[in-house]
Structures are given as C-alpha cells and as structure tokens.
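I opened this model to look up a few points of packing and backbone geometry. My entries follow in the order I made them.

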Amino acid sequence: MRASAAQLYEPFRKHPVLFRGAPFDRAWVHPDLRQLVELFSGDNVQVKETKGEDVASSTLNGSHSVVKDSTIGGTNGDQADKKQFCFNNEVEKFLQTETTDVYSFNCFDSSFIQMFNEEIENFYQMAEKENIPIRRPNSMNNYGVIVNEIGMRPMIIAFQQEYILPLARVLFPQQGFQLDDHHLFIVRYQSGEDLGLDMHVDDSDVTFNVCMGDVFTGATLSFCGMFGAPNHRKLVHVYHHEVGRAVLHLGNRRHGADNIQTGARSNLIIWNHNFEWRNSDEYKRRRHFDVYEKEEGPPDPTCVSYTHDRDYLAYHRQFPPNQGGKHFHGWCPPPGKEYEGFPRGA
C-alpha cells in the first residue's frame, strides 16, 4: 500500500512546529482575535431572540452598545425570528459586521503567515520532486492543496476549538454551537490558473476564510442571499480581502470569488462541521427543495452561476472560457420556484 501524502512529506517538513496539536501558539494569533475570544467568553455579547422587533441600540454592562440584527430558524434563515446581538464598544473595535451573518476580523500574526506560506511552497516543490500526490481541494478549485493531507490536522483542530468555536457558538448558535470536524484547504488564484470561483454554497455549517497573501488586485468575494431564500441570487455585499484578515459566515450563503486582475491570492479555508446540527430535523428540512421559496425577482447578474443556474445565458452573453461544459448541473431555481418572467426554455 502506498504511503499517504503526510507520510511521504514528513521527512521534508520545513517548519515541524506547524504539525503539532494543542495548544495553538498564541503568538501566531493576531491580538485582535485573542481579544475577541476573551470578550466572547464573558458578558460582552448578549443575544436576544425576538419576533421581528426592531431595536437600534441597547445598554450593556453600563456602556453603550450596538445591536446587530440577524436571523435564525425558519425555512431558510432569512425569513425567520431575529437574532439581536448587543456588542459592547470593545467588541466593535475588533469585529466587523460585513452584512447579515458575515463577520470579519484580524486573524493571524505576520510571522505565522510567513511560516505557513513557506511550508506550503516547500510542499509544492517537494511534491513535484518526490512524486507526492496532491488532491484538488474541492470539486470547483483546480489549484491548491488539502492541508490536512500533508499532516497539519492536529494544529488546525487546536485553532478551531480555541479560536473559531468561541465566536461561532455565539454568532451562529444553531450551526456553530459545537464544531466536531472540518475540511481544510488552500485555494490559489493567479493568471494562468484559477482566476476566480463560480457562485456556490459550501459543504460547511460555518465557513472560515482567511487571506494568506500575496499582492493582488481584484479577487473580491461577493455575497448573495441564503440557499432557498427569495433573495438567494440577490447581491448583498462585496468583501475585499486583506492579508491576515478572516471572514466568518454560514456555509449555505451563496458566494463567489470574483476574478483576480493582477498578482496572486491564496486563502486558507476551513469548512467547519457540526454533526449534531446535521442530524437535526431542521437541517434535513432545509436541505430539501420542498422548503425552497419562490424567487422574489430576477437575479443580480453577479449572483448567477454558470455551474448551477438554468438562466445563466439570460444574464451573460456566453459561458466563461472552458466552463460551458459544467452547465449540465443546472438546477437553480428548482421547477415551480422561478421568479415572474423567468425565461422560457431555460
């Protein structure tokens, strides 16, 4: 039996410290994230579940706080009871609300980013020299590596439990109250390789996505609505990556990587899985098309997928180069859920 990629690569590791387990080295974590974890473990965040009440501000621990509205429960997460976060002023310093249920924060120290990138580059070089297998990170990205398969799983489990979980269980109390497993990979965008990534949802309950480099223009991340919601294909936010800064969001929000214009960008992505949530009736109900809601109107062109959407050519003149063959997966919107005026024959 052929040895695994991790076994084959072990003699060539450049930074063995990256292959250890808990605890995750605090020196590698940006001070903002360390502070956030401490704040989230105290009384600095309150969550109120209401029946759609609008609240502009609140008082928490004697100081003014800002209320962030989100949604939980319901059919798709957009038409449901509101979840109101009361962040005190300290939390607001370190956590940016990009849009509903999409948050960003400074994540890694520059020394960790440099060390991690050196390790990944070393792996690419040794994989080619020693014939170590490299699997595609997922079904859509052609360039990158599944980081767990080269031996870093213990380190990432430590990071997940010590830094992602404290935020996820508060920000996403249904999907993130526990994190049992993950899929970890690097994606890479540059001229001559993948330029961007088509609109999609993740096989993830809570997605962590941090930019690891390098120098680039373009390559923004466009967020649309939640899977199955009336605004599933409506643009809600465009996120601009910064090296070392992470974005945290629910996996079933439609999103896509816009084409890179110059330079190269790499991102470390963790698809976090909650087994108890996935075994729940609510999760299974949301996965079925019978709870998929009718679209509220024509989609925004940015949010239309050449892989998944039946009406792609109604909003784009042609398929992207070398991508037309992927359209056989077209299913969205499901029959009977089309918006008024949906093009015939699509």
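**Helix pair.** I started with α2 (residues 31-40) and α5 (residues 153-171) in this predicted model. Their axes are 10 Å apart, and the helices pack at an angle of about 55 degrees. I therefore noted α2 and α5 as oblique to each other. The crossing of α2 past α5 is left-handed.

I then listed who meets whom. From α2 come Leu33, Arg34, Leu36, Val37 and Phe40. From α5 come Phe159, Glu162, Tyr163, Pro166, Leu167, Val170 and Leu171. By class, this contact has ten nonpolar residues, two charged ones and no polar ones.

**Helix α4.** Next I checked α4, residues 110-130. I counted 21 residues and a reach of 30 Å from first C-alpha to last, close to the 30 Å expected at 1.5 Å a residue. Which residues of α4 are buried? I found Phe112, Ile113, Met115, Phe116, Glu119, Ile120, Asn122, Phe123, Tyr124, Met126 and Ala127. What do the buried residues of α4 pack against? I wrote down α1 (5-9), β7 (144-146), α5, β8, β10 (206-213) and β16 (260-273).

**Positive phi.** Most residues other than glycine have a negative phi, and most peptide bonds are trans. I looked for departures. Asn131 follows α4 and has a positive phi, near 60 degrees. Asn131 sits in the loop between α4 and β7. With a relative accessible area of 58%, Asn131 is exposed, because the cut-off is over 50%.

Is Ala219 buried or exposed? Ala219 has 1% relative accessibility, so I logged this residue as buried.

**Cis bonds.** I noted a cis peptide bond between Ala22 and Pro23, with omega about -5 degrees. Pro23 belongs to the loop between α1 and α2. The bond from Gly213 to Asp214 is cis too, with omega near 5 degrees. I placed Asp214 in the loop between β10 and β11 (216-218).

**Asp194.** I found Asp194 in the loop between β8 (181-190) and β9 (197-200). Asp194 counts as buried at 10% relative accessibility. Leaving out residues up to four places away in sequence, Asp194 touches Asn141, Asn142, Tyr143, Arg188 and Tyr189.

**Whole chain.** Last, I took the totals. The protein chain has seven helices and 16 strands. Of its 346 residues, 53% count as buried.

Technical notes: Residues are numbered from 1 along each chain as its sequence is written. This is a predicted model: local features need pLDDT of at least 70, side-chain atom pairs count only at pLDDT 80 or more; totals for chains, interfaces and linings use all residues. Side-chain values use heavy atoms; hydrogens and water are left out. Axes are lines fitted to C-alpha atoms, for helices over the stretch in contact, and angles run from 0 to 180 degrees between N-to-C directions. Helices (H or I, at least four residues) and strands (E, at least two) are DSSP runs, numbered from the N terminus. Angles under 35 degrees count as roughly parallel, over 145 as roughly antiparallel, 65 to 115 as roughly perpendicular and the rest as oblique. A crossing is left-handed if the near helix is turned anticlockwise from the far one by less than a right angle, and right-handed if clockwise. Contact means heavy atoms within 4.5 Å. Ala, Val, Leu, Ile, Met, Phe, Trp, Tyr, Cys and Pro count as nonpolar, Asp, Glu, Lys and Arg as charged, and the others, Gly among them, as polar. Buried means under 20% relative accessible area, exposed over 50%, partly exposed in between (1.4 Å probe, protein chains only). The expected span of a helix is 1.5 Å times one less than its number of residues.
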